[in-house]
Amino acid sequence: MRRAWAGLQGLFAVYKAPGVHWMMVRDAVETRLLRDLNALQRPPPRKEVRFLPTSTEGKDGDELTMTVASVPVLANHPLVSGPAFTRLKVGAGHRLDIKSSGVFVLGLGHGNKLLHDLYNAHLSRTYTVRGLFGKATDDFSDEGKLIEKTTFDHITREKLERILSVIQGSHHKALLQYANLDLKTQEAYELAVRGLIRPMDKSPPLITAVRCLQFAPPEFQLEIHCLHETQQYLRKIVHEIGLELKSSAVCTQVRRVRDGVFTLEDALLRTQWCLPNIQKAIVKSGLRVEELHKSLAHQEEPWTDEEGDGKTDGEADGGPGQNKGGNTLWEGAAIR
């Protein structure tokens, strides 16, 4: 049992389905781990030496004597002490709101501190975002209150990709500004080669790359690499793309496919949330997290050594109800 508990120290990723709150996902993982841990065979109860009265036949009849016996200590019996594990400290990484799905990173044991370190590393995340041309809603999603309907026959893939290039270019300039790097230095060159140029402090949402994966009007799908984003901000991006194309658009799906070093291949499905699978996932991710730590160690602001509490300071980064709208950095971009 102690060996099983020792294997629950680190980070792992699960797949969060749409329509489920992230807290329910975290609580479900904790419940299943507690069930599996308490189902493990316990060590035999310790024994203690006691003097027990026994009766023996003597000359004058039965005589009471004391004999030495080794008996189990019932205080350690499961029926007396209850389950060995009643609570686990499961920390949550960058949140996903209830409408979103995808990779959701969790931490156990010292993994709670690693979650804090990962937040301070300001790593990028990748999303696939689906949109629908022809209508606009009050919350930029297809489930919101319908505001207007528009035509979209004039929209072509070339026009869409032109807008995407404008978005990426303007956000790239802002990224360099917030990264606070001298582009003429060797350090900046090495960071650019490894794709590690990023702000080391708070900044507005930044899109590092965006491309069109699918275009079949009225539906389209984008791949967005970003920093300090919320899922609501990505929905607003889809809405503003529709406006720039002289139409309107709503977001039908936001799916996170990568969070730092964790990808969809690492995310455990609900049917895989059990003790052996989570232990394997922690071991698998530990090597990559360690390599990432080494690659960032030379920078001016290395990962913090402060103790984390399982709740990263990045509640606004994917946290529910945070940054409802967001400020885009490409206002005024238009098709020429």
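Biologist: Hi! What kind of model is this, and how are the residues numbered?

Modeller: This is a predicted model, in which local features need pLDDT of at least 70 and side-chain atom pairs count only at pLDDT 80 or more, while totals for chains, interfaces and linings use all residues. Residues are numbered from 1 along each chain as its sequence is written, and side-chain values use heavy atoms, with hydrogens and water left out.

Biologist: Thanks. How many helices and strands are in the chain?

Modeller: The chain has 8 helices and 13 strands. These are DSSP runs, numbered from the N terminus: helices are H or I with at least four residues, strands are E with at least two.

Biologist: And what share of the chain is buried?

Modeller: Of the 336 residues, 45% are buried. Buried means under 20% relative accessible area, exposed means over 50%, and partly exposed is in between, with a 1.4 Å probe and protein chains only.

Biologist: Let's talk about E10. Is that strand enclosed or open, and why?

Modeller: E10 is largely enclosed by the rest of the structure, because 7 of its 9 residues are buried.

Biologist: Which strands does E10 pair with?

Modeller: Strand E6 (residues 125–133) pairs with E10 in the antiparallel sense over 8 bridges, and E9 runs antiparallel to E10 with 9 bridges. Two strands pair if DSSP finds at least two bridges between them. Thr126 stands opposite His225 of E10, while Arg211 has Glu223 in E10 as its bridge partner.

Biologist: What joins E9 to E10?

Modeller: A hairpin does, through 2 residues. Pro218 sits in that loop, between strand E9 (206–216) and strand E10 (219–227). The peptide bond between Pro217 and Pro218 is cis, with omega about 10°.

Biologist: Then where is Phe140, and what is its phi?

Modeller: Phe140 is in the loop between strand E7 (135–137) and strand E8 (146–149), and its phi is positive, near 70°. Phe140 is buried, at a relative accessible area of 16%.

Biologist: What about His228, buried or exposed?

Modeller: His228 is buried, at 7% relative accessibility. His228 lies in the loop between E10 and helix H7 (231–244) and has a positive phi of about 55°.

Biologist: How many salt bridges does the structure hold?

Modeller: There are 14. A salt bridge is a side-chain nitrogen of Lys or Arg within 4 Å of a carboxyl oxygen of Asp or Glu. One of them joins Lys236 and Glu240, with the closest N and O atoms 4.0 Å apart. Both residues lie in helix H7, 4 residues apart, about one turn of the helix, and both are buried.

Biologist: Changing topic: which residues have the most contacts inside the largest nonpolar core?

Modeller: Phe12, Val14, Ile241 and Ile278 do, in a core of 50 residues. The largest share of this core, 7 residues, comes from helix H2 (residues 22–39). Such a core is a set of buried Ala, Val, Leu, Ile, Met, Phe, Trp, Tyr and Cys residues joined through side-chain atoms within 4.5 Å.

Biologist: What about H4, is it covered or open?

Modeller: Helix H4 (residues 111–121) is mostly covered, with 9 of its 11 residues buried. The buried residues include Leu114, Leu115 and Tyr119. His122 follows H4 and has a positive phi, near 55°.

Biologist: Last one: is Val68 buried or exposed?

Modeller: Val68 counts as exposed, at 57% relative accessibility, and is found in strand E3.
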